[in-house]
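I opened my notebook today to look up a few things in a structure that was new to me.

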Amino acid sequence: MVERDSDRSVSQTVRAQLSLRDLILSGDLRPGERISELQAVETIGASRTPVRMALVRLEEEGLLEAIPSGGFMVKAFSERDVLDSIELRGTVEGLAARFAAERGVSSRDLEPLKGCLDEIDGLVRQDPISVEAFSSYVALNARFHALLTELSRSPPLIRQVDRASALPFASPSGFVMTQSTLPNARHTLLIAQDQHRVVIDAIENREGARAEAIMREHARVAARNLRVVLRNKTHSDLLPGLALIKMPGD
């Protein structure tokens, strides 16, 4: 009974967290806007305990900032903040790839990763690539990165990768959907997919330094996409939360 109550509490907290995150990323809560626990309770219709925990989690994610006088404020981010978050994610993913290569991975362990790679191949063969295919790519790309991280067999490192990927706009597929509207969209995906293939080869051949360098460079594809998106906001509706990024002069 106690365990069931605990599960229900966690579920309510997650729902509150997702609801509040959607309000932030949709722009309903603007950068600099204050939000109190009571206000959040009234806005999303949840009870105070899960809302309180959800606000703390969103602070940990970096979307909110605690105010000394009480409550929270929606954070704004500079382009440099986001680029640093992407670089951090690439650094820890690179370390995960290095661990996987140096510690050794069996052919059986690599099968799910290669299967994911084959599915992505089926998407990037399309020319042009449809928006629906880009949407499928987002899910498969996230799975590829998660599987690769698990190959490190390092629970502390896996936790750090998860934390880095949860930073605003730092996830592996953070800018893929906006990329789908650009003229060179397929070319960019082909580059990313080639890097996926090369890092698997490096891990198979136990080339730790090479695997690490590839994943760090791979993260820079997302950084390049960010710069393109910020300079061409025509399709900003495809990137939730773009309003949180402050450009120079804003």
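Below are my entries, one topic at a time.

**Ground rules**

I noted that this is a predicted model, in which local features need pLDDT of at least 70, side-chain atom pairs count only at pLDDT 80 or more, and totals for chains, interfaces and linings use all residues. Residues are numbered from 1 along each chain as its sequence is written, and side-chain values use heavy atoms, with hydrogens and water left out.

**The whole chain**

I began with the secondary structure and found ten helices and five strands. Here helices (H or I, at least four residues) and strands (E, at least two) are DSSP runs, numbered from the N terminus.

Next I looked up burial: of the 250 residues in the chain, 44% are buried. Buried means under 20% relative accessible area, exposed means over 50%, and partly exposed lies in between, with a 1.4 Å probe and protein chains only.

I also looked up the surface, and the chain exposes about 12700 Å², with 51% of it supplied by carbon and sulfur atoms. These areas come from the Shrake-Rupley method with a 1.4 Å probe, and for residues only the protein chains shown count as cover.

For contacts (heavy atoms within 4.5 Å), I took the pairs at least 6 apart in sequence and saw that 75% of them join residues at least 24 apart.

**Helix H7**

Which residues of H7 are buried? In this helix, residues 155-165, I listed Leu157, Val161, Ala164 and Ser165. They sit on the same side of H7, because they cover an arc of only 95 degrees around the axis. The arc is that of the directions from the helix axis to the C-beta atoms.

What do the buried residues of H7 pack against? I found helix H4 (79-103) and helix H6 (131-150). On the face of H7 turned away from its buried side, I noted the exposed residues Arg159 and Arg163.

**A pocket by H6 and H7**

I then turned to the second largest pocket, which has a volume of about 200 Å³. It is lined by 14 residues, and the closest to its centre are Ala142, His145, Ala146, Asp162 and Ser165. The elements that give two or more residues to this lining are H6 and H7, and H6 gives the most, with five residues.

Grid points are joined across faces, edges and corners, and the volume is the space filled by probe spheres set on the points.

Setting aside neighbours within four places in sequence, I found Glu61 in contact with Gln17, Arg21, Ala166, Leu167 and Pro168. I followed up on Gln17, which is in helix H1 and is buried at a relative accessible area of 10%. Apart from residues up to four places away in sequence, Gln17 touches Ala54, Arg57, Leu58 and Glu61.

Beyond its neighbours within four places in sequence, Leu23 is in contact with Asp28, Leu29, Thr43 and Ile44.

In helix H2 (residues 37-44), the buried residues are Glu37, Ala40 and Val41. They fall within an arc of 105 degrees seen down the axis, so they line one face of H2. After H2 comes Gly45, with a positive phi near 70 degrees.

**Last entry: Glu79**

Glu79 lies in H4 and counts as buried at 13% relative accessibility. I noted a separation of 8.3 Å between the C-alpha atoms of Glu79 and Arg227, which are 148 residues apart along the chain.

How values were computed
1 Å grid on protein atoms, 1.4 Å probe; cavity = no way out; pocket = protein on both sides within 12 Å on 5 of 7 lines; lining within 4 Å.
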